[in-house]
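Subject: Handover of a structure and notes on its contents

Dear colleague,

I am passing the following structure on to you, together with an account of what was found in it. Please read the notes with the model open beside them.

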Amino acid sequence: MSHLPFKIIFIFLLLSFHLSFHQTEASIFHHFLVAIFNNLPNNDVPLTVHCQSRDDDLGYHNLTVGQSFNFTFRENIFWRTVFYCHFWWHPKETSFDVFNKGQRCIKHGPYYSHNCIWDAFSDVFTLNGVKKITGDI
């Protein structure tokens with residue numbers, strides 16, 4: 001008795017599982033973009049930004065008016081990725097999470113997006129055009 005039909009079916013099932021796993025993995029672990037734009041009124045003093053997560057320190061960046069700093073990443077396997085940033089614009093400073101919720105960028109964020117676009121103004125930060133953080137900057 002030949003086992004060839006069983007081997008063909010087994011290989012077919014194995015390949016089907018492998019392909020479906022990779023398609024699921026690709027749809028679950030999306031790429032996210034965080035971008036921070038300096039829209040402050042004074043170009044004499046740059047906006048200093050320091051962003052990091054538990055695993056990644058993205059360093060310090062000095063942004064003049066109109067410049068931006070951005071980074072991309074995938075969420076960790078348990079969807080617990082958090083990136084926070086500290087902002088300085090002499091003599092003001094503030095810090096907050098710029099990403100902590102995959103579907104909305106931040107908890108209670110404006111809407112579903114994989115792009116977290118932050119704009120720094122002198123009295124407010126906006127996320128994707130919606131006022132989010134009022135603070136010292």
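This is a predicted model: local features need pLDDT of at least 70, side-chain atom pairs count only at pLDDT 80 or more; totals for chains, interfaces and linings use all residues.

How many aromatic pairs does a search of the whole structure find? The search finds twelve.

**Confidence and overall build**

The chain has a mean pLDDT of 81, and 74% of its residues reach 70 or more.

The chain has 137 residues, of which 31% count as buried. Read from the N terminus, the order of the elements is α-β-β-β-β-β-β-β-β-β. Among contacts between residues at least 6 apart in sequence, 50% join residues at least 24 apart.

**Aromatic pairs**

To return to the twelve aromatic pairs, two of them are described here. The ring centres of Phe32 and Phe73 are 5.8 Å apart and the planes meet at 25°, so this pair is stacked. Phe32 belongs to strand 1 (residues 31-38) and Phe73 to strand 4 (residues 68-74), so the pair links distant parts of the chain, 41 residues apart, under the strand assignment used here. Both residues are buried: Phe32 has a relative accessibility of 3%, and Phe73 has one of 9%.

The rings of Phe96 and Phe125 have centres 4.9 Å apart and planes at 75°, which makes the pair edge-to-face. Because Phe96 sits in strand 6 (residues 92-99) and Phe125 in strand 8 (residues 124-127), this pair ties together parts that are 29 residues apart in sequence. Phe96 counts as buried at 10% relative accessibility, and Phe125 counts as buried at 2%.

Ring pairs also link a cluster made up of Phe32, Phe69, Phe71, Phe73, Phe83 and Phe99.

**The largest pocket**

Which residues line the largest pocket? The lining is formed by Ser53, Arg54, Asp55, Asp56, Phe73, Arg74, Glu75, Asn76, Arg80, Thr81, Val82 and Phe83. By type, the lining divides into six charged, three polar and three nonpolar residues. The space in this pocket is about 220 Å³. Phe73 and Phe83 are in the lining, and both also belong to the ring cluster.

**Backbone features**

Most residues other than glycine have a negative phi, and most peptide bonds are trans.

- His90 and Pro91 are joined by a cis peptide bond, with omega about 0°. Pro91 is in the loop between strand 5 (83-89) and strand 6.
- Cys105 is not a glycine, yet has a positive phi of about 75°. This residue lies in the loop between strand 6 and strand 7 (115-120), and Cys105 is buried, with a relative accessible area of 0%.
- Asn128, also not a glycine, has a positive phi of about 50°. Asn128 is located in the loop between strand 8 and strand 9 (130-134). With a relative accessible area of 16%, Asn128 is buried, because the cut-off for that class is under 20%.

**Two residues and their surroundings**

Is Ala35 buried or exposed? Ala35 counts as buried, at 3% relative accessibility. This residue is found in strand 1. Not counting residues up to four places away in sequence, Ala35 touches Phe69, Asn70, Cys116, Ile117 and Trp118. The C-alpha atoms of Ala35 and Asn115 are separated by 7.8 Å, although the two residues are 80 residues apart along the chain.

Val65 is in the loop between strand 3 (57-63) and strand 4. With a relative accessible area of 36%, Val65 is partly exposed. Its contacts, leaving aside neighbours within four places in sequence, are with Asn38, Leu40, Asn42 and Asn43. From Val65 to Leu47 the C-alpha distance is 8.0 Å, and the two are 18 residues apart in sequence.

With kind regards

Notes: Residues are numbered from 1 along each chain as its sequence is written. Side-chain values use heavy atoms; hydrogens and water are left out. pLDDT is the predictor's confidence in each residue, from 0 to 100. On a 1 Å grid over the protein atoms alone, a cavity is a set of points where a 1.4 Å probe fits but cannot get out, and a pocket is an open set with protein on both sides within 12 Å along at least five of seven lines; lining residues have an atom within 4 Å of a point. Grid points are joined across faces, edges and corners, and a volume is the space filled by probe spheres set on the points. Ala, Val, Leu, Ile, Met, Phe, Trp, Tyr, Cys and Pro count as nonpolar, Asp, Glu, Lys and Arg as charged, and the others, Gly among them, as polar. Rings of Phe, Tyr and Trp (its six-membered ring) pair if their centres lie within 6.5 Å; planes under 30 degrees apart count as stacked, over 60 as edge-to-face and the rest as tilted. Helices (H or I, at least four residues) and strands (E, at least two) are DSSP runs, numbered from the N terminus. Buried means under 20% relative accessible area, exposed over 50%, partly exposed in between (1.4 Å probe, protein chains only). Contact means heavy atoms within 4.5 Å.
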